[in-house]
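Hi everyone, thanks for coming along this morning.

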Amino acid sequence: MDFSIITCICKDKFDINKFCPYNLGMKKKGLSKITKTVILCIVLADFVLCAIVFATSYLSFNRQFREQYDSSIQEICAAARSCLNPDDFSTYLATKQPDKTHETIVTILQDLVDNFNLNMIYVSAVDAPDYTHIFYFYDPVNSHGKYKPYPLGYEEDYFEPDYNASTKRVFEEGATIVRHTIKTRSGSHITAQLPVYDSTGKIVAVIGAQKSIQEFVNSRRAFVKFVIITALIFAIGFVILFTSYFDFRFIRPILLITHETNRFASYNGEPSSKLLGITNRDELGTLAHSVYKMETVVSNNIESLTRITTETAQALASAIDAKDKYTHGHSTRVAEYSRTIARIAGKSESECHYIYIAALLHDVGKIGVPNSIINKKGKLTDEEFSTIKNHPVIGKQILGNIKQSPYITDGAYYHHERYDGKGYPEKLVGTSIPDIGRIITVADAYDAMTSKRSYRDPLSQEVARREIEKGIGTQFDPQYAKIMLQMIDEDKDYKMREQIE
C-alpha cells in the first residue's frame, strides 16, 4: 500500500490556492525571465530599426542638402560668370586700373552677393604650377559680413590644400568644383569654383562663390535631435506595444501553463480552470487545454486511488478494532481527533492527512497480540501487559514495509510515549517524540476514556477533561493537550465520544 501518492490530497477545507506556486509566482514582484528575454529582443530589434531609420534619414537629409546647395551655388556662380568680359582681364593684369565696365560688373556681382546672401564672389587668376599666387580681378563681399573686398590687382600667396588642389583642377582640367567646409574658424560654408574662358577658349581665371551653410549645420543638428527624440518615443512605444502584445499573446499563457503544471506536479489537487481562459487559436491554446484535460484525468485517478487507499486503511483499522468488541470505531475516532488537533495546531492539509492515515493504523500492532489478552475482562498479569506493550514494535514492523511513507510507522511506534519520558517503547522525552506520536497520544487517551471498555463504562466529559489537564507536561505534550481541552470545551453536546446504540 503506497501512501506517498496522497501527499497533497485532503478534501476537507483544502484551499489549493494557498499552496499553489502558480499563484505565488504570479504575485511575485519583478519580471519573469521570459519577459526579460522578450523585452531584450524587442529593444535590440528596436535599436537596429531605429539605427536604420536614423541612418537613412540622416543620409537622405545630407543628400538633399548637397543636391539643393550644390545646384544653387553652381547656378549662382554660372550666372555671375555670364556677366564677365574675360577678354579685358589681360588689360587689368597689365594696368591694374578699373574702367567703367569693371565698375558695372562689380555692381552686378555685389547685387548677387547681397541678394543671395553669399559670403563673397571672387574672380582671380592663379599662377601655375602650385596655384598659390593669386591675382584678384573682382572680390565683392557681403556687406553684413566680416570680410573686406580686395581691390583690382591685389595679389597674395595663399596656401590652403583644398583650395590649391581644386583651383589646379579648374585651370588644368576645366572642372567645376563644389567644396563643403564644415566647422572652420570662419564657420561652415560651401564654395563653387568654375573656369572662366576668354573668346579663344582659354581659361584665364577662376570664379568662386562662397555661401555660409551654418544654417544648414544648425538645421542638421536640430534634425538629429528631432530624429533621436522621435526614435526614443517610437522605441518606448514600440517596446510597450509589442511587449504588451507578446505578454498577452504568448508570455502569460506560457507562464500560466508552466506554473500550473509545476503546481499540479508538486501539490496535485484540482486542475486550474485558468487554463481554459487561454483562448489562443494556436499551439499554446491547444497545449493549455491538453494540460487541463491531463490534469483532470490525473486528478480523478488520484482522487479515486486516494479514496481506495483511505478506505483500505479504514478497513484495516476496522479489522484491528474488531479484535476487541469494546473498541469498535476506536481507530477512526482517534484519526478524526488527531486530524482536528493537527489542523488547529496550524499543520498543512497534507500533514493533516498524513496524521489521519497514521492514526487510523496506530493500533495495527495489535494484530500480533492474542485475542485472549485483548478481550480479558480482569486485570492483566505482568507478562500479559508486557505482551500488550509490544504492539507498537509489532506495528512498526508491519508498517515498516511501506518504504515510501515511513512517517506512518511513527504513529504506530510512538503513540504510547509520554512527554515526561516514562512511556514506551523508547522512553523518549518531550519534543524528541515525533509530532505525530504526541498528537495521537492525547487523541488516543481521550477516546480510551470516553469509550466503553471490558472493565468499565465510558467516563464523563468532565472526568476526561480533568484527566487530560492533569496529564499536561507529564503524559501529554502541553500544546496538543491544550488543543484537546479546547475541543472538549467546544463540544457542548458531548458528541466527541463513542456513540452507544
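Let me begin with a question: how many of the 8 residues of H14 are buried? The answer is 7, so H14 is largely enclosed by the rest of the structure. Please keep in mind as we go that this is a predicted model.

Here is the list for H14: Tyr407, Ile408, Thr409, Gly411, Ala412, Tyr413 and Tyr414 are the buried ones. And what covers them? The cover includes helix H10, residues 349-360, together with H13 and helix H15, residues 435-449.

Let's move to H13, then, which spans residues 391-399. Its buried residues are His391, Pro392, Ile394, Gly395 and Leu399. Around the axis they cover an arc of only 160°, which puts them on the same side of H13. These buried residues pack against two helices, H12 at 382-388 and H14 at 407-414.

Now have a look at the loop between H14 and H15, where you'll find Pro425. Is Pro425 buried or partly exposed? Its relative accessible area is 29%, and that makes it partly exposed. Leaving aside neighbours within four places in sequence, Pro425 is in contact with Pro392, Val393, Tyr413 and Glu417. Pro392, you'll remember, is one of the buried residues of H13, and Tyr413 is one of those in H14. As for His391, Pro425 is 34 residues from it in sequence, while their C-alpha atoms are 9.4 Å apart in space.

Next, a helix pair elsewhere in the chain. Helix H9, residues 330-344, packs with helix H17, residues 478-490, at an angle of about 110°, and the axes are 10 Å apart. The two are therefore roughly perpendicular to each other. On the H9 side the contact is made by Tyr337, Thr340, Ile341 and Ile344, and on the H17 side by Tyr480, Ile483, Met484, Gln486 and Met487. By type, that contact divides into 7 nonpolar residues, 2 polar and no charged.

Let me finish by zooming out to the whole protein. It has 17 helices and 6 strands. Of its 501 residues, 43% are buried. If you take contacts between residues at least 6 apart in sequence, 64% of them join residues at least 24 apart. Finally, the accessible surface comes to about 26900 Å², with 56% of that belonging to carbon and sulfur atoms.

Technical notes. Residues are numbered from 1 along each chain as its sequence is written. This is a predicted model: local features need pLDDT of at least 70, side-chain atom pairs count only at pLDDT 80 or more; totals for chains, interfaces and linings use all residues. Side-chain values use heavy atoms; hydrogens and water are left out. Axes are lines fitted to C-alpha atoms, for helices over the stretch in contact, and angles run from 0 to 180 degrees between N-to-C directions. Helices (H or I, at least four residues) and strands (E, at least two) are DSSP runs, numbered from the N terminus. Angles under 35 degrees count as roughly parallel, over 145 as roughly antiparallel, 65 to 115 as roughly perpendicular and the rest as oblique. Contact means heavy atoms within 4.5 Å. Ala, Val, Leu, Ile, Met, Phe, Trp, Tyr, Cys and Pro count as nonpolar, Asp, Glu, Lys and Arg as charged, and the others, Gly among them, as polar. Buried means under 20% relative accessible area, exposed over 50%, partly exposed in between (1.4 Å probe, protein chains only). The arc is that of the directions from the helix axis to the C-beta atoms. Accessible areas come from the Shrake-Rupley method with a 1.4 Å probe; for residues, only the protein chains shown count as cover.
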